[in-house]
Amino acid sequence: MTDRKPLYLMSPALAWLTGFMVIPCLLVLALAFFRRGIYGGIEYTFTLENIALVFDPLYARIFLKSAGIAGLAAVLAVILGYAAAYAIAAMPRRRQPMLLFFAVLPFWSNYLVRTYAWIVLLNREGLIAAVAHGLGYDGELPKLLYTESAVVVGLVYNYLPFVILACYAPLSRLNPEMSEASRDLGASGWTTFRRVVLPVTVPGIATGFVFVFVLSIGNFVTPALLGGGQFQMIGNLVYAQFLTANDWPFGAALSMVLIAIMMGLLTLQTFATERASGARRQET
Amino acid sequence: MHGGPDKRLMLLILSVVFAFLYVPISVLFALSFNEGGLPTAWTGFSVKWYGELARNGEIMRAAFNTLVVATVSTLLATVLGTLLAVGVEIRRRKGRFLETIIFAPMIIPDIVLAIALLSFFSLLNVTLGLHTIIVSHVVFNLAFVCSVVRARLKTFDWSIVEASQDLGASTVVTLWRVVLPGMLPAVIAGALLAFTLSVDEFIIAFFTAGAGRESITLPMQIFAMIRFGVTPEINALAVIVMTVSVAALALSQRLNRGGLPGQ
């Protein structure tokens, strides 16, 4: 087929994406540089105040806290996910597809429902409290729900299957003979892991980490449901600017910074992946 | 780890991770059938909480709205996304810019797309409602359909397309009679994925639905209910929503016989 025909096949979708994604996103970008009107509207004069306000200690603190929570969730998810992927890859080959399937299955169910399941477990009359009292514990239990830890657990729970998937891919391609050769040459198990297994699986780790971090730092549902009403992360702050505080330019500025962080991390991840595959090419 | 990974350690890791993944969901499942509805005591098996759902007018309306949004946005996204996939795959030059635009809806944070669309619609003075949710859902849905179909087309034998054209078939006839049958399983798989994503999507719907209660979708209803705490009705509703998504995606996966992007 000639090169011109693809264009009319693609144009309806590309028009849709341009009209309802590219233009709206450019609009938000522009919005970040306008002034907020006195009654919450938008005044069309250029200003850098919104961007500056993001770095105001009050909001910078929320950014740092969100980054801290997202970072902790990403590290925990990578540790658990890597261990799980490693264990799956160590099982007999014919069992692996089924194990992987069941590791990913929860990821297919509704996000709100998965988060709600933790409310059922953690709330004051929840299952964990019931079990503790059933075992004869009569004292006051520490508050479990509506805490930072609950938010971290919720994030790890929701994104763990993705990390397992991302780490399993390079692990399953790993040639077991390489580890054997390493051990035959006298390397200890730990050295073999560190020098042979780990380098090959760096792209999976990077992908998993970046994915969990990016989805967590802008998350709005988990902090709102597991963190309680007062708990704020950037996602909630953006939400508030648009739906309650009515300061759209500031909300737009916040989300632009969010996008910048995301793009920076994705670039790093691409870099890590390319470097790892480059190193592999050199070895062979 | 001398002499290969320790089997017992590996099994221990797997049990811990699978327990972490499945205990919360299983508890929810079990509780939804608990007659008394409380986690503190099992008072007998009952489906009465599922019956309560059917009598709850608000939930039924939200479920109906969700069905409308998911069906219409899936139909639109399937047509647009499939055409896009065919167009991209038969094009010889691969543009990085094009790839970015097609990939972006799958990775852009929901909250950003949500506020972008809300700003856009209100700037144009568009009344918000189910129609604006549908328009918004098509954005990410068409990208997912496109990527599922493209994966299929990568293994497609394009020589039969040339054969068809050499025998005098027009482009439209070739697409309809030769290309479409070959990629149909992927198109259906993509549509099922899109349907599920739309049924489950909360944030974008929340921002583009407007203030009225008429255009509340099921995830919005669930979110509102969850904020007031745990009730047996939510348990039952949660189990239904969870089962529908998992069943639809398992079917999609089966048709596609490959990985689902982003899933």
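Tutor: Let us begin with a term for accessibility: buried means under 20% relative accessible area, exposed over 50%, and partly exposed in between, with a 1.4 Å probe and protein chains only. By that scale B:Lys154 is exposed, with a relative accessible area of 54%. Please note that this is a predicted model, in which local features need pLDDT of at least 70, side-chain atom pairs count only at pLDDT 80 or more, and totals for chains, interfaces and linings use all residues. Residues are numbered from 1 along each chain as its sequence is written, chains are lettered from A and ligands numbered from 1 in the order in which they are written, and side-chain values use heavy atoms, with hydrogens and water left out.

Student: How is confidence to be read, and where in chain A is it lowest and highest?

Tutor: The score, pLDDT, is the predictor's confidence in each residue, from 0 to 100. Where pLDDT is low, the predicted coordinates should not be read in detail. Chain A has an average pLDDT of 87, and 95% of its residues score at least 70. Helices (H or I, at least four residues) and strands (E, at least two) are DSSP runs, numbered from the N terminus. Within chain A, the lowest confidence belongs to helix 8 (residues 176-184), with a mean of 77, and the highest to helix 3 (residues 57-90), at 95.

Student: How many helices and strands does chain B have?

Tutor: Chain B has eleven helices and zero strands. Its C-alpha atoms fill a box of roughly 70 × 70 × 30 Å along the principal axes. Of its 263 residues, 52% count as buried. To read the packing, take contact as heavy atoms within 4.5 Å. Among the contacts in chain B between residues at least 6 apart in sequence, 72% join residues at least 24 apart.

Student: What should one look for between chain A and chain B?

Tutor: One may start with the residues involved: 80 residues of chain A are in contact with 86 residues of chain B. Buried area is the accessible area (1.4 Å probe) that two parts lose on being put together, summed over both. Here the two chains bury about 7,700 Å² between them, 82% of it on carbon and sulfur atoms. On the side of chain A that touches chain B, helix 1 (residues 5-31) of chain A supplies the largest share, 20 residues. By class, that side has 66 nonpolar, ten polar and four charged residues. In this classification Ala, Val, Leu, Ile, Met, Phe, Trp, Tyr, Cys and Pro are nonpolar, Asp, Glu, Lys and Arg are charged, and the others, Gly among them, are polar.

Student: Are B:Glu89 and B:Arg150 buried or exposed?

Tutor: B:Glu89 counts as buried at 13% relative accessibility, and B:Arg150 is buried with a relative accessible area of 12%. B:Glu89 also forms a salt bridge with B:Lys154, the closest N and O atoms being 2.9 Å apart. B:Lys154 is in the loop between helix 6 and helix 7 (159-166) of chain B, 65 residues from B:Glu89.

Student: Which residues are joined into one network by salt bridges that share partners?

Tutor: One further pair is needed: the side chains of B:Arg150 and B:Glu99 meet in a salt bridge at 3.1 Å, N to O. B:Glu99 lies in helix 4 (residues 96-107) of chain B and counts as partly exposed at 27% relative accessibility. Through shared partners, B:Glu89, B:Glu99, B:Arg150 and B:Lys154 form one network.

Methods. Salt bridge = Lys/Arg side-chain N within 4 Å of Asp/Glu carboxyl O.
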